Amino acid sequence: MNEQGRPARVGGGALVTRGVDEAGVPDYHAPMIENPPPPIVGTAHPRLDGYEKTSGRAKYVDDLTFPGMIYGRTVRSTVARGRIRSIQTSAAAADSGFTVVDYRDIPAVNVISLIEDDQPCLVEREIRHMAEPVLLLAHADREKLYGAEVVTDVEESPAILNYEVSDVELKRLTISRGDVDAALAAADVIVEGEYRTGHQEQLYIEPNGVIAVPENGGVTIYGSLQCPFYVMRALRVLLGLPDDKLRVVQAATGGGFGGKEEYPSMLASHAALLALKSGRPVKMIYDRGEDMLATTKRHPFRVRHRTGVSRDGTIVALDVDILVDGGAYTTLTPVVLSRGALHCGGPYRCDNVRVQGRAMMTNTPPNGAFRGFGAPQTLFAIEAHMERIADALGMDSVALREHNALRPGDTTITGGTIGPDGSALEVLREAVTRSDYHAKRAQWRGTNRGIGLALFFHGAGFTGDGERKLASRAAIETTATGVRILAGTVEIGQGSHTTHAQIVAETLGLPFDRIAVEHPDTDNVPNSGPTVASRTCMVVGRILQRCSTDLLERLSGMDPADHFKQHGPTRVEQEYEAPLGLHFDEVNYVGDAYGTYAWACDIAEVEIDRDTFEVRPVHFTAVQEIGRAINPVMVRGQIEGGTAQGLGYALLEDVIMRDGGMANNSMTNYIVPTTLDTPTMDVVIMERPYRHGPMGAKGLGELPIDGPAPAVINAIRHLGIELNELPATPERIMEAVCSSE
Ligand code: MOS
C-alpha cells in the first residue's frame, strides 16, 4: 500500500513500505538481517519444477514402474440404480494370472472415508449411480485384462436423475440475519430471479492414476494427488492398517482443479486392494473416457433470489434459495453447499438476510470439488441478478454495485467483519476506468458487441473453524547447502513449491537457489492439510514463514549451511495459529466465515454472430486484489488460467447427462477453450496486504474462476439477450432469442 492507503500495483518490483499495524502485529516483511539482498518476494523467479517438466524428466505416475508390476481395471455399473443379483467372470478360472477383488476382500470397512462415510469402495448389492465400481481385476497383460468378460445381472430400479425433483436430502443449511419478511414488506421494489448452472469437468491434463505397491506388511501409494493425507486416512479406515504400514507419495501431477481432491482416495483404495491380494505392485491409470465418466464434476446449482431494494439502490433484504445436485453420495457436498451459501450475497452489504440451502441426492456420480467450490455458482446468480435489480430501478449497475459494495469494517451476511484489506470498491473502479466500460456500454448498444461486468470476492482458506481443526503443520530444516522445506501440500502446476521457497528465502535472507523443497511423501513431511481452498500460499506459506523466523533465531547469525556442518540438521516445525478474534458458529452460521477475502472485478467484451448465435469473448479485463503477489508471473498465470476456465464454464463446457452418466465424455465433444477461444486479457494485480498472510498474501487459486461467467452473461444481456443459465451455448442463446421474439 502507498501512503494514501491505496492499493499498490505490481510491476517494477519496488518494495512496498509497511509498518507495524494498529494491533501491534509484527511486520513480518521487515528485513531481519542487515544489508538485505535484493527482494525475492514480488519477483518472478522461474518455477522450481520448470526444468524437470519442460525437459520431460519429471516422473508422472504413468512414467513409474516397479518390478513385477501388473495393471488394474475397474468393472463399473452400467445402470444408474439397481440391485446386483450376481456377478460372474470367467477371468480367474481361465487364467491364473488374474486377480479378482470384490467387496468381500476389504479387510476392514467398505467405505471411502470423508465426511459422512456413506460411499462404499465397492458396491455390495445396491447400485446408486452409473459407473459405480463393483469389481476389480488385475493382470500383467493389459489386452487380457480388458478382454476379460464380466457378466453382471442387475435388477434395475427407477433412478432419480433430476435434483430439482429429488426428495432425498443430503444436507441443509440456513443463514439468517435481521428480519427479511419485514424488510421485504417495507422495500420499494422487490426483484426476483432464478439462475441455473450445469456440471463442469475439471479436465486436468493428466487423468487420475495411482500405483499401489505392497511393502512392509502394508501398502505404498504413488499417485497423481492433491491430498496425500486424505488418501492415507481413507486407506487407514478401509484396510484397518496403522499409519506406519501406509505411505502415500505424490508423483508429478498434471493439474487437479479440485478433481484430485477426493477421487484419488477411491482409486488408491482400489489399487491397494488389488496389490494386497495379488502381492504385486498394481498400476491403475484412467483413460480420458473413464475419468470423465466416473470421477467428480462441479455441482449444478439452482439459485432463486428475492431481493428488496430502496429507490436509492440500497439492498434491504436478501432472500436466497439454493438447491444443489449432490449426486449419489455425500462426498464433499456439504462444504460446497456451505461455501456457495456464504458467497451467495456477493460482495455487498445487507442487514436482512435469509439463505436456505439444500443439497439433493441423485443417482448420478457424486459431484465434488472444483476450483471455486460452490462460489462460482452462487456468484454467477447474484451478479446476473444485480443487472436485473439495476434495470428494475432504472439505475446504472456500476452505481448500484458501488452503493452496496462491502467496505472495510462492514459486516458480511453472517455478521463477519471485513478487514482493512477489503477492496471491492477499488477493484470495481479500476476495472471500469481501464476498460472504458461506460463509453463502450453506450456506444455498443444495438450492435453485435456487448460488455458486461462482475464484482466478486472469494474467502481464502477453509471455512469457519476449518483451519483450526486441520491444525496443519509444516517444517524447515538446515542442509549442507541451505535449507529445505517440508510440507504435505503439493505442486500441481500452480507454483506452490516456488512460492513457498520465495517466502522462506526472503524471510531467511538467503538466495532463492539455496532453498530446496522436499517432495511430498507422508513418511517424510508433516501433514500440512489438503492442497485446496486457496490455502497453500496463505495458510501453509504463513506457517513456513513462522518456521523461518524461528530458525533465524536458532542460527543466531550463522549461515544455515555452516550451522549444518557443525551441528547436523536443525529442524523447526510449526502448527497453524488462528488469527485472534476470528469466530464462526458453524451451526447457526454466525461470525467470520473466512479470515479474509480476495476481491476482483472482471469485465468481458463479447461479439455475437447473429446467424449462428455464437458468442465469442474478444477482450477481458481482470482486476484482482490478492494481498501480495509473492511471484507476479505465477499470479498472472493463475488469473489468466482461471479466467480461461471460467470462460469455458460460461460459454462452452456442457456436460450432457444421459441415463445418469456423462454422454459426451471425450475431448472431441466436451469442448474447453483453447488459446484461439481465449480473448486478449488485461490483468491487473492489486495488493492490499492481509496481516495474517505471508508478506500480506491472501488466497488466489480459486478467485479467478468466480467472475468470468457472470461477466459474460451480463455482456450477453447488453446484446439484448437475457439468459439465466450456464453455459451460454449457441442453442441456449437461440432459444432465448426465439422465445422473446
Ligand atoms: Mo479445491 S475445489 O478447494 O480442490
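A residue is called buried here when its relative accessible area is under 20%. The views below are all taken from a predicted model.

**View 1**
Rings count as a pair if their centres lie within 6.5 Å, and a pair is stacked if the planes are under 30 degrees apart. Eight aromatic pairs come out of this rule. One of these is formed by Phe 457 and Tyr 597: the ring centres are 5.0 Å apart and the planes make an angle of 20°, so the pair counts as stacked. Phe 457 belongs to strand S17 (residues 449-459) and Tyr 597 to strand S24 (residues 597-608), so the contact ties together parts of the chain that are 140 residues apart in sequence. Both Phe 457 and Tyr 597 are buried.

**View 1. Tyr 597 also pairs with Trp 599, within a cluster of rings.**
The centres of the Tyr 597 and Trp 599 rings are 5.9 Å apart, and their planes stand at 55°, so this pair is tilted. Trp 599 is buried, as is Tyr 597. Ring pairs connect Phe 457, Tyr 594, Tyr 597 and Trp 599 into a cluster.

Lys 260 is placed over the face of Tyr 204, at 4.4 Å from the ring centre. Arg 449 is placed over the face of Trp 444, with a distance of 5.6 Å to the ring centre.

**View 2. Glu 201 is a buried acidic residue with polar partners.**
Glu 201 sits in the loop between strand S9 (189-197) and strand S10 (209-215). The relative accessible area of Glu 201 is 1%, so the residue counts as buried. Its side chain makes a polar contact with the side chain of Lys 297, at 3.0 Å. A polar atom of the Glu 201 side chain also lies 3.1 Å from the backbone nitrogen of Leu 203. Once neighbours within four places in sequence are left aside, the residues in contact with Glu 201 are Asp 291, Met 292, Thr 296, Lys 297, Phe 370, Glu 653, Val 655 and Tyr 670.

**View 3. Strand S11 is covered on both faces.**
In strand S11 (residues 218-223), six of the six residues are buried. Gly 218, Thr 220 and Tyr 222 make up one side, while Val 219, Ile 221 and Gly 223 make up the other. The covering therefore applies to both faces of S11, given the cut-off of under 20% relative accessible area for a buried residue.

**View 6**
The pairing of S10 with S11 is antiparallel and runs over six bridges. Within it, Ile 211 has Tyr 222 of S11 as its bridge partner. The two strands form a hairpin with two residues between them, and Asn 216 in the turn has a positive phi of about 55°. The pairing of S11 with strand S12 (residues 246-250) is parallel and has five bridges. Here Gly 223 stands opposite Gln 250 of S12. From S11 the chain passes through helix H5 (residues 228-239) to reach S12, in a β-α-β crossover that is right-handed.

Of the 10 residues in helix H8 (residues 333-342), nine are buried, so the helix is largely enclosed by the rest of the structure. The buried residues are Thr 333, Pro 334, Val 336, Leu 337, Ser 338, Arg 339, Gly 340, Ala 341 and Leu 342. Thr 331 is located in the loop between strand S15 (315-327) and H8. Its phi is near 35°, a positive value in a residue other than glycine. With a relative accessibility of 7%, Thr 331 counts as buried.

**View 4. Ser 534 has a positive phi.**
Phi of Ser 534 is near 50°, which is positive although the residue is not glycine. Its relative accessibility is 11%, so Ser 534 is classed as buried.

The peptide bond that joins Leu 726 and Pro 727 is cis, with omega about -10°. Pro 727 is part of the loop between helix H18 (708-718) and helix H19 (730-740).

Key
Residues numbered from 1 in each chain as written. Predicted model: local features only at pLDDT ≥ 70, side-chain atom pairs only at ≥ 80, totals over all residues. Heavy atoms only, no water. Phe/Tyr/Trp six-rings, centres within 6.5 Å; stacked < 30°, edge-to-face > 60°. Helix = DSSP H or I, 4+ residues; strand = E, 2+ residues; numbered from the N terminus. Buried < 20%, exposed > 50% of the residue type's maximum accessible area, 1.4 Å probe, protein only. Lys NZ or Arg CZ within 6 Å of the ring centre and 35° of its normal. Polar contact = N/O pair within 3.5 Å; in protein donor to acceptor, adjacent residues only side chain to side chain. Contact = heavy atoms within 4.5 Å. Pairing = 2+ DSSP bridges. Right-handed = clockwise from strand over helix to strand, strands pointing away.
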